[in-house]
Amino acid sequence: MDIFLTLFINGLSEGALIFLVSSGLAIILGLMGVVNFAHGALFVWGGYAYVWIYQMTNSFILGILAAMLIVFILGIIFEKFFVSRLYGNAPAQILITLGLNIVFIEIIRLIWGNTPIAIKKPDFISGTTIINGVTISHYRILLIIIGISVLIIVNYILKNSKTGMVIRAGVQRSDMVQALGINIRLYFTIVFAAGAALAGLGGALYAPLAGNVISTAGANNQILAFIAIVIGGLGNFSGTAKASFLLGLMNAFVAWFIPSFAVVTNVLVMAIVLAFKPEGLFSEGRKSILRLAVKK
Amino acid sequence: MASILKVENLNSYIGQYTILQGVDIEVKKGEAIAILGRNGAGKSTLLKTIMGLVNTRSGSILLGEDSLVGIPTYDIANKGIGYVPEDYGVFDYLTIAENLKLAIRNDTKDGDDRIAKVYDIFPDLRKASERMARTLSGGQRQMLSISRALVNDNKIILIDEPSKGLAPVVIETLAVALKEISKESTILLVEQNFSLACAIASRYYIINEGRTVVNGKIEDLIQDTQLQATHLGI
Ligand SMILES: Nc1ncnc2c1ncn2[C@@H]1O[C@H](COP(=O)(O)OP(=O)(O)O)[C@@H](O)[C@H]1O
Ligand SMILES: [Mg+2]
């Protein structure tokens, strides 16, 4: 029972991290039809930006905000100068985002080097609480709280704001959104950058959990995020959230009970979903949103 | 009367295909003009070219004094054009109310009153206002699409085949509404349903293979069965 609770909390916190990365991917894919392979680099930039500012100011909050801001700006640059020229051209998007991923990770290596930089959790959140013999990490609780907060906030924005309406409408009919007098390109830039900032937040929160930042940290997290959006239904936001937490929990339990299976399970689940329910496990019959998004 | 929309020698293309190759149209304030012609003649493409959704190769499109050629679709719409596309263009994952709200432009101050007014024209929409548009029937979608063009004070409304694919009773309802709307708005109406076009428009242009070939008063066309047979296949 004790181990069950520990694994549950670990799994939820892993899920929250996966969600922060996958949510940005899902939004970008859902609205713009862009599979962003540079998301891993944005994640790593979030980690380094956090460490840089945290070491300078000793403030967790400032570190997190700076990471999000820096990666938001990177997102604007990526969208304005590269991705925006290639809407509707999936192969070119894949190439350009893969290229950006490589270049921006190399830039990290140029600035910060190749060796991991150690980073501790801030004191106020580094402790643990023991309840009935179960050890609970405060930092993991914080991750869960942030993950769920982001889920609620983004969901609220999608449902209630004008930006949300434009996104929901634009995913289906970007031509008609424009024909109503709305400059959807402006929204594309903002949404791309916001999705990037979420990846940056994920990277920033991941660094203290892992205990270090390293330029290669993006790859694994990006793959997990991709698996989450496939399972969740491409571009489907709430489906991606469910899939992220599912993956986090599954990873935690499988890694504990059958460690040798830990890596294959994710891919296996994705393969099964693709084979039997390719529109995603949580897609409510809203099939092939990707095709809708690419069509414009 | 001042002309609201003036299209001269318009040529437009999609990819490597030239679709329009010489379209001339003039719409004056308060008029309802019908665009007629066989399937594939280029009627929908004309509306899309005006909206900037299809590229212009040469010729001019003037809204009042302003040229619409080469400017982005959202700027064209913001100059005061409402567009009701052939396939309704309704946003499935927005409610009816949200579809209407999104259509209200920044410079429209009386948006809520206008929404109330379209609900009076189409009471069905008021009843279903909180429903997702994906649950609507074809007729309701058409009503919603037309309504979106009415929530702003547009200089002109472009409507593409409102009767297409709808049941006769629904078409009748739409005809009444469109007649009502045409009293207050300037309309460019593409329509294959000849009797509907006659009920609403005062003048017509016939498009054939991307060119305007004939135009005149609707009354005269109603008499001219020869012309109808040649260009409309009636
Ligand atoms: N996306 C496209 N690519 C190539 N040709 C097109 C495309 N859309 C329309 N066309 C062609 O343009 C012509 C005019 O089409 P359209 O304007 O839809 O006709 P109408 O509305 O009068 O029935 C048709 O011959 C059609 O095949
Ligand atoms: Mg047509």
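A residue is classed as buried under 20% relative accessible area, as exposed over 50%, and as partly exposed in between. In this predicted model, B:Glu86 has a relative accessible area of 26% and is therefore partly exposed. B:Ser44, at 14% relative accessibility, counts as buried. These two residues coordinate the magnesium ion (ligand 2), B:Ser44 through OG and B:Glu86 through OE, at 2.0 to 2.4 Å. B:Ser44 belongs to helix 1 (residues 43–50) of chain B, whereas B:Glu86 lies in the loop between strand 6 (81–84) and helix 3 (96–103) of that chain, so the pair ties together parts that are 42 residues apart in sequence.

Over all chains, 15 aromatic pairs were found. In one of them, the ring centres of A:Phe60 and A:Tyr139 are 6.4 Å apart and the planes are at 75°, so the pair is edge-to-face. A:Phe60 is buried, with a relative accessible area of 8%, and A:Tyr139 is buried with a value of 0%.

A:Phe78 and A:Phe104 also form an edge-to-face pair, at 4.8 Å centre to centre and with 65° between the planes. Here A:Phe78 in helix 3 of chain A is linked to A:Phe104 in helix 4 (residues 90–112) of chain A, 26 residues apart. A:Phe78 is buried at a relative accessible area of 0%, and A:Phe104 counts as buried at 13%. Both residues belong to one aromatic cluster, together with A:Trp45, A:Tyr48 and A:Trp112. In chain B, an aromatic ring is found with a charged group: the charged end of B:Arg148 sits over the ring of B:Phe91, 4.8 Å from its centre.

The structure holds 16 salt bridges over all chains. In chain A, the side chains of A:Glu14 and A:Arg140 meet in a salt bridge at 3.3 Å, N to O. Because A:Glu14 lies in helix 1 and A:Arg140 in helix 5 of chain A, this pair ties together parts that are 126 residues apart in sequence. A:Glu14 is partly exposed, with a relative accessible area of 30%, whereas A:Arg140 is buried at 15%.

In chain B, a salt bridge joins the side chains of B:Glu26 and B:Lys28 at 3.5 Å, N to O. B:Glu26 is partly exposed at 23% relative accessible area, as is B:Lys28 at 28%. A salt bridge of 3.8 Å, N to O, is formed by B:Lys127 and B:Asp124. These two residues are 3 residues apart in helix 5 (residues 123–127) of chain B and are therefore separated by about one helical turn. B:Lys127 counts as exposed at 72% relative accessibility, and B:Asp124 as partly exposed at 33%. A network of salt bridges links A:Arg173, A:Asp175 and B:Asp87.

A nonpolar surface patch of about 850 Å² is made by A:Ile3, A:Phe4, A:Leu5, A:Phe8, A:Trp256, A:Phe257, A:Ile258, A:Phe261 and A:Val264. At least two residues of this patch come from each of helix 1 (2–32) and helix 9 (237–257) of chain A. Helix 1 of chain A gives the most, with 4 residues. A:Phe4 is found in helix 1 and counts as partly exposed at 44% relative accessibility.

Technical notes: Residues are numbered from 1 along each chain as its sequence is written. Chains are lettered from A and ligands numbered from 1 in the order in which they are written. This is a predicted model: local features need pLDDT of at least 70, side-chain atom pairs count only at pLDDT 80 or more; totals for chains, interfaces and linings use all residues. Side-chain values use heavy atoms; hydrogens and water are left out. Rings of Phe, Tyr and Trp (its six-membered ring) pair if their centres lie within 6.5 Å; planes under 30 degrees apart count as stacked, over 60 as edge-to-face and the rest as tilted. Buried means under 20% relative accessible area, exposed over 50%, partly exposed in between (1.4 Å probe, protein chains only). A charge sits over a ring if NZ of Lys or CZ of Arg is within 6 Å of the ring centre and within 35 degrees of the ring normal. Donors are N, O and S atoms within 2.8 Å of the metal (3.2 Å for Na, K and Ca); water is not among the atoms, so sites may look incomplete. Patches are made of residues with over 30% relative accessible area and no salt bridge: like charges are joined within 9 Å, nonpolar side chains (Val, Leu, Ile, Met, Phe, Trp, Tyr) within 5 Å. Accessible areas come from the Shrake-Rupley method with a 1.4 Å probe; for residues, only the protein chains shown count as cover. A salt bridge is a side-chain nitrogen of Lys or Arg within 4 Å of a carboxyl oxygen of Asp or Glu.
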